[in-house]
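Visitor: Hi, I'm new to this one. Can you put it up on the screen and walk me through it?

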Amino acid sequence: MQKVKILNSKDGYNLTADYYAKKEKYWDSFEQYQVVPLLGQVKDREILDVGAGNGRLSLRLAKAGAKVTALDVSEEMLNKLKSKNQKIKVVIGEAEDLPFEDNSFDIVIATFLIVHLKDLNLFFDEVYRVLKPAPRLGSGQGGKFLLTNINQRKAPEIKTEQGLVEIESYYHRPEQVIEDLETLAFSIEENKFVKEGETWVNQIVLVSK
Ligand SMILES: C[S@@+](CC[C@H](N)C(=O)[O-])C[C@H]1O[C@@H](n2cnc3c(N)ncnc32)[C@H](O)[C@@H]1O
């Protein structure tokens with residue numbers, strides 16, 4: 001049997017960026033086009049897409065008039081995004097140590113990212129910090145955070161020129177994701193499940209600061 005090499009996200013996505021880009025419709029099927037509508041009006045909003053990859057969602061949000069910043073550890077994934085849109089600001093960086101000022105964004109999204117993060121609290125803390133706060137007066141809410149959590153207990157094996165590889169992944173229980181967000185003082189607005197038959201395949205969560 002062929003040995004499978006386990007790679008970290010940076011090396012893994014740098015190596016498999018072409019493979020990922022070819023499967024856009026497949027990734028979409030886990031969301032059933034529910035992510036962008038959940039964000040409401042995005043025109044002129046400052047949006048941070050963490051683990052933006054090749055820009056599957058960044059590109060759609062920019063097209064809808066949002067001011068998008070796309071952050072990722074993989075330069076190969078971000079290169080694919082840049083080849084399609086030069087206006088989106090791209091930043092190489094880590095989800096757990098966001099290189100942005102406090103209170104900078106109206107919206108943060110992270111689709112199919114947390115499956116690669118071991119400690120969600122480090123990332124959620126950073127999201128809370130960079131989101132704009134709720135206004136002191138009036139009824140408006142603070143910045144919003146949308147994440148998706150794929151139901152993946154075993155990382156897929158991908159065939160590459162370096163042989164079979166797997167990208168380091170972690171399963172996160174949906175209840176734990178919600179508990180962690182609430183502990184950090186986020187308010188839960190939506191907690192939806194995309195299902196195939198009786199089985200959930202993706203959790204979509206929208207919270208506000
Ligand atoms: C499954 S892809 C998702 C891409 C895109 N968000 C989408 O929905 O199609 C996961 C992305 O997260 C990035 N990533 C993984 N760990 C990361 C980390 N700690 N910080 C920033 N990006 C990370 C990977 O490089 C990859 O581009």
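Guide: Helices (H or I, at least four residues) and strands (E, at least two) are DSSP runs, numbered from the N terminus. Angles run from 0 to 180 degrees between N-to-C directions, with axes being lines fitted to C-alpha atoms, for helices over the stretch in contact. This is a predicted model, where local features need pLDDT of at least 70, side-chain atom pairs count only at pLDDT 80 or more, and totals for chains, interfaces and linings use all residues. Residues are numbered from 1 along each chain as its sequence is written.

Visitor: What order do the strands of that open sheet of three come in?

Guide: The order is β1-β8-β7, with mixed pairing; two strands pair if DSSP finds at least two bridges between them. β1 (5–7) and β7 (158–160) are the edge strands, each pairing on one side only. From one strand to the next, the twist averages 45°.

Visitor: And in what sense do β7 and β8 pair?

Guide: Antiparallel, over three bridges, with β8 covering residues 163–167. Thr160 has Gly163 in β8 as its bridge partner.

Visitor: Back to α1. At what angle does it pack with α5?

Guide: About 40°, with the axes of α1 (residues 9–22) and α5 (residues 75–84) 7 Å apart. That makes α1 oblique to α5, since under 35 degrees counts as roughly parallel, over 145 as roughly antiparallel, 65 to 115 as roughly perpendicular and the rest as oblique.

Visitor: Which residues make the contact?

Guide: Tyr13, Asn14, Ala17 and Ala21 from α1, and Glu75, Glu76, Met77 and Lys80 from α5. Contact here needs C-beta atoms, placed from the backbone, within 7 Å.

Visitor: New topic: is strand β5 buried or exposed on its faces?

Guide: Both faces of β5 (residues 107–110) are covered, with Ile107 and Ile109 buried on one side and Val108 and Ala110 buried on the other. Buried takes 20 or more other C-beta atoms within 10 Å of the residue's own, exposed 12 or fewer, and partly exposed is in between, with C-beta atoms placed from the backbone.

Visitor: Which strands does β5 pair with?

Guide: β2 (residues 46–50) pairs with β5 in the parallel sense over three bridges, and Leu48 stands opposite Val108. β6 (residues 144–150) also pairs with β5 in the parallel sense, over four bridges, and Ala110 stands opposite Leu147 there.

Visitor: What do the buried residues of α6 pack against?

Guide: They pack against β2, β5, β6 and α7 (174–183). Among those buried in α6 (residues 120–130) are Phe123, Phe124 and Val127.

Definitions and conventions
Contact = placed C-beta atoms within 7 Å.
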